[in-house]
Amino acid sequence: MSSGYPRQRVQRILSVVGARPNFMKLAPLSRALHKRAAVEHAVIHTGQHYAPELSESIFRDLDLAAPDTNLEVGSGSHAEQTAAIMTRLEPLLVARRPDVVLVYGDVNSTLAAALVAAKLGVPVAHVEAGLRSHDWSMPEEINRVVTDRLASLLLTPSRDATANLLAEGLRPDRIHFVGNIMIDTLLTVLPAATACNAPERYGVHPGRFLVATLHRPSNVDAPDRLRELMEVLTTVSNDLPVLFPAHPRTAAQLQAWHGRFSRGVHVLGAIPYIEMVSLVAQAAVVVTDSGGLQEETTYLGVPCVTVRPNTERPITCAEGTNRLAQTGGAVLDAVHSALAERRNGVRSIERWDGCSAERIASVLCDGARYS
Ligand code: UD1
């Protein structure tokens with residue numbers, strides 16, 4: 001039985017990206033593929049994220065060329081957004097007929113592109129395959145599971161992700177443990193992040209401030225829930241300044257309250273990625289519901305409190321600096337325990353080494369295997 005991935009030389013690769021975390025995974029792979037003279041790599045942006053601070057700014061910070069095409073789907077319900085991406089992408093895939101379509105992470109653009117490609121018989125490679133929260137109330141979990149089922153190549157960031165795929169009965173010859181490509185990006189921007197010294201720019205002292213980000217619907221869409229979390233941050237801000245770069249979704253909710261709950265908490269717009277890394281690297285503690293930040297803090301050895309009942313990235317708790325907390329009281333306790341801990345410096349996790357993009361390029365183009 002074939003793995004579904006072409007045995008002949010792969011030359012025409014098409015990446016489909018749509019949201020901020022996708023762009024971070026695309027950047028190092030784009031560079032690795034660019035080095036291969038025989039490979040033609042095109043990029044389609046679905047337009048899921050369209051605000052300049054979530055899209056153009058990231059492309060600029062990561063030195064990414066502008067996408068070849070932008071489908072400009074914008075926001076909508078899950079069905080509207082997924083359907084719009086599918087309808088606009090299909091004719092492009094029919095016209096281009098790439099050898100493989102690359103999809104990244106777990107956003108709606110990932111699932112939509114995987115569905116279109118698989119139904120056209122174009123092999124799909126999934127970067128960041130195998131992560132599982134086992135929480136079906138998260139749209140991302142549905143996107144992950146379905147995308148992995150459709151993919152011919154499953155490129156995993158950690159051994160637990162490989163184990164999840166094997167437990168679901170997916171074929172071992174489709175799975176490659178290539179490591180965490182987010183760390184490739186982090187390592188690329190770290191020198192610029194260190195040089196930009198964002199704490200000074202935001203008026204805080206290195207090691208003596210908290211960075212918070214919240215954007216999951218479960219934390220920000222219900223006013224009572226967001227209020228509970230903002231009250232925790234306000235309490236912490238009596239001892240430690242809190243910088244809160246807000247996603248547009250969160251900013252809209254906070255604006256509705258006219259800043260009533262942000263006393264002592266500095267609510268900022270979405271900030272450039274390099275500045276964000278600079279802040280995170282020097283924070284006393286990070287409070288977040290983002291997936292990428294759980295990984296970045298682990299790599300940097302910065303304590304992290306993840307405001308969720310579960311994580312698809314358990315390695316960040318088992319081997320890193322992450323802890324989970326759900327209720328306001330538990331978040332406050334977790335912040336205090338994190339602050340009492342000594343920082344341990346950079347954590348070493350298997351294949352979180354800045355070489356994941358090169359591994360993926362060699363799987364895609366040279367038939368390399370990483371088990
Ligand atoms: C999406 C991903 C989430 C990821 C996050 C990273 C899905 C289901 N969710 O969530 O997994 O962690 O990106 O940021 O794909 N909006 C703007 N400007 C934009 C984009 C969105 O204002 O450029 C606002 C709109 O009100 C929109 C809302 O944010 O309705 C949500 O946007 P959407 O792309 O649907 O999901 P995210 O919350 O960004």
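For my tally I count Ala, Val, Leu, Ile, Met, Phe, Trp, Tyr, Cys and Pro as nonpolar, Asp, Glu, Lys and Arg as charged, and the others, Gly among them, as polar.

**Entry: the shell.** I am working with a predicted model here. I looked up who surrounds the ligand and found 18 residues, the closest being H49, Y50, A51, E140 and H215. Sorted by class, the shell gave me six nonpolar, eight polar and four charged residues.

**Entry: polar contacts.** Next I went through the ligand's oxygen atoms. H215, already on my list of the closest residues, places a polar side-chain atom 2.8 Å from one oxygen atom of the ligand. For the side chain of H247, I read 2.8 Å between an N or O atom and a ligand oxygen.

**Entry: cover and location.** On its own the ligand has 740 Å² of accessible area, and the protein covers 82% of that. I then checked the site and found the ligand in the largest pocket. Two elements each give two or more residues to the shell: α3 (78-96) and α11 (248-256).

**Entry: domains.** Finally, I noted that domain 1 (12-179 + 352-366) and domain 2 (188-340) each supply at least three shell residues.

How values were computed:
Residues numbered from 1 in each chain as written. Predicted model: local features only at pLDDT ≥ 70, side-chain atom pairs only at ≥ 80, totals over all residues. Heavy atoms only, no water. Near = heavy atom within 4 Å. Polar contact = N/O pair within 3.5 Å; in protein donor to acceptor, adjacent residues only side chain to side chain. Areas by Shrake-Rupley, 256 points an atom, 1.4 Å probe, with all protein chains shown as cover. 1 Å grid on protein atoms, 1.4 Å probe; cavity = no way out; pocket = protein on both sides within 12 Å on 5 of 7 lines; lining within 4 Å. Sits in = over half its atoms within 2 Å of the grid points. Helix = DSSP H or I, 4+ residues; strand = E, 2+ residues; numbered from the N terminus. Domains from an automatic or database assignment.
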